[in-house]
Amino acid sequence: MDKAALNALGATWVRGFVPMDEIKDGTDPLRQPAIRKLLEMQGQGFGTILALKFQFSKENQTVPSPDTEEMKAELAAVDKVLQAVLNKVDILTIGNEPFLETHQEERATKLNPFYQEVAKHVIAYREKRFRSGCRTHLYMGALNRLDDPRMISEATRGWIEFVNRTPQLEGLDIHPHVTSAEAAQKYLDYVLPKLNDSKKFLVTEFSLVGHYANQMTRTIPADFVSAHGKELDITREMQVWQLLKLAKERPFTQKQWNDFLRMSPWFESHKHFMRDQVMKYRKTGRLAVATYGVMQAKAMVTHINENKKPWMLNSLYVNLTVQYDKGGKLPHNYTVFDDFTSLQRGQDRLPVRPAMVHM
C-alpha cells in the first residue's frame, strides 16, 4: 500500500486495526505495522481510522470483567495506543468486531460491560489529556451478521443504547459481509431506527463475500474456456476455486481476469454491489465514512480450496492474481475499481473511502 495506489483511486482516507494482544505483549505502538502506516498516511494528508481489536474468541480466552487485574492489563495497553495516536488519527473505533471476537456464551453477560469500560476509559483519557479539544472522533466498533436473526439480541440493542446515551461517542460501525443486497439492507433496517438522529454510522468493511463463497464449486463458464482454454490449459470441468488457485499460481493477464468475471453470471449480475451500497449509505444522510478493501493480501491466496472465503474477489487491486503491465502499473479488479473511482468524483458530500488493509 502506498500513496500512488491510493491517488490512482482518488482516495482520501485509510483504515486499519491494531491487535491489542500485540501491545499487551510488549510491541511498541509506534512500531506496530497498522499504526505506523496510518500515521505515515496521516502525515501525507489522508484521513485515518484506527480500530482497537480485542480478541477473546480463541480457546481458553475470556472477556475480562471490570475492576479485575485482567481489565487493568487491557486498559494499560489501551493507554499505550492512545498515547501514540490520539489527536493524530481522525477516527478511533473502540472494538473491531466485538460480537465475532467473543465467545457466544459471553456475549450476553460480559461483552458490553467490557467494551463500555474501555470506552469510558478512552473518553476520560482524551478529556484529561486534551482539555482544549482533540481531533480524534470516537465511535464504537462494528456490529456483524445483523442479517442473521441469531445475532440479534439484548446485547446488540445494549450496544446501540450505550452509544445513544454517551455524548462523546459520535456513532458506531457496521460490517456487512453478506450474500445479497437484501441482506445488507437488514443492517440499516436494524441500526438506524434505534440510533439517535444525532449519531452517524461508519461502514469500514463491507462485501459480497458470502455470495461469492457460495459459487466456489460451480464449474467455470464455458465461454471462458472457449476463449482462454488453450492458453491457460483449463477444461470445462474445472471449478471456480480451482481457477482462482491457478490465478494465484500463474497470474492471469488483465483481459483473462476481466473475461472470467464478465462471463460468470454470478459475478456479472452483482458487479455494481459496492457502488449501489455506497449510494444507499449516502442517501441516509447519516454516513460518516465508508471504506472498502484496496489490495489483495497473501492470506487471501494461501491454501485456496472450495471452503476458503474468496476475499480476493473484493479487492480494488488484484495484485496477486493478475499480472502487472509492462510499466509496473497495478492491475485493477473488473468493474469495482471503476465504480470506486467514479464515486470519488461524485457530487455527494460524503464520498466513499478506501480501507488500508484487507477484510
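Thr-102 sits in the loop between β3 (91-94) and α5 (104-129), where helices (H or I, at least four residues) and strands (E, at least two) are DSSP runs numbered from the N terminus. This is a predicted model, in which local features need pLDDT of at least 70, side-chain atom pairs count only at pLDDT 80 or more, and totals for chains, interfaces and linings use all residues. Residues are numbered from 1 along each chain as its sequence is written, and side-chain values use heavy atoms, with hydrogens and water left out.

**Thr-102 and its surroundings**

- With 2% relative accessibility, Thr-102 counts as buried (buried means under 20% relative accessible area, exposed over 50%, partly exposed in between, with a 1.4 Å probe and protein chains only).
- Its side chain reaches the backbone oxygen of Pro-98 at 2.8 Å, a polar contact (a pair of N or O atoms within 3.5 Å; within protein, one must be able to donate a hydrogen and the other to accept it, and residues adjacent in sequence count only if both atoms are side-chain atoms).
- Setting aside neighbours within four places in sequence, Thr-102 is in contact (heavy atoms within 4.5 Å) with Phe-56, Ser-57, Val-63, Arg-107 and Leu-111.

**Pockets**

- A pocket here is found on a 1 Å grid over the protein atoms alone, as an open set of points with protein on both sides within 12 Å along at least five of seven lines; a cavity is a set where a 1.4 Å probe fits but cannot get out, and lining residues have an atom within 4 Å of a point.
- The largest pocket has a volume of about 280 Å³ (the space filled by probe spheres set on the points, with grid points joined across faces, edges and corners).
- Of the 15 residues lining the largest pocket, Leu-100, Arg-145, His-177, Val-178 and Lys-309 are the closest to its centre.
- That lining has five nonpolar, five polar and five charged residues (Ala, Val, Leu, Ile, Met, Phe, Trp, Tyr, Cys and Pro count as nonpolar, Asp, Glu, Lys and Arg as charged, and the others, Gly among them, as polar).
- The second largest pocket holds about 220 Å³, and its lining includes Arg-107, Arg-145 and Glu-154.

**Cavities**

- Among the residues lining the largest cavity are Leu-208, His-270, Lys-271, Phe-273 and Val-336.
- By class, this lining divides into seven nonpolar, two polar and one charged.

**Helix α3**

- In α3 (residues 33-43), the buried residues are Ala-34, Ile-35, Leu-38, Leu-39 and Met-41.
- Viewed down the axis of α3, these buried residues fall within an arc of 160 degrees, so they line one face of the helix (the arc is that of the directions from the helix axis to the C-beta atoms).
- They pack against α1 (3-9), β1 (13-19), β2 (47-53) and α4 (69-85).
- At the start of α3, a side-chain oxygen of Gln-32 comes to within 3.0 Å of the backbone nitrogen of Ala-34.

- Most residues other than glycine have a negative phi.
- His-303 has a positive phi of about 55 degrees and is exposed, with a relative accessible area of 69%.
- Thr-335 has a phi near 70 degrees and is buried, at 11%.
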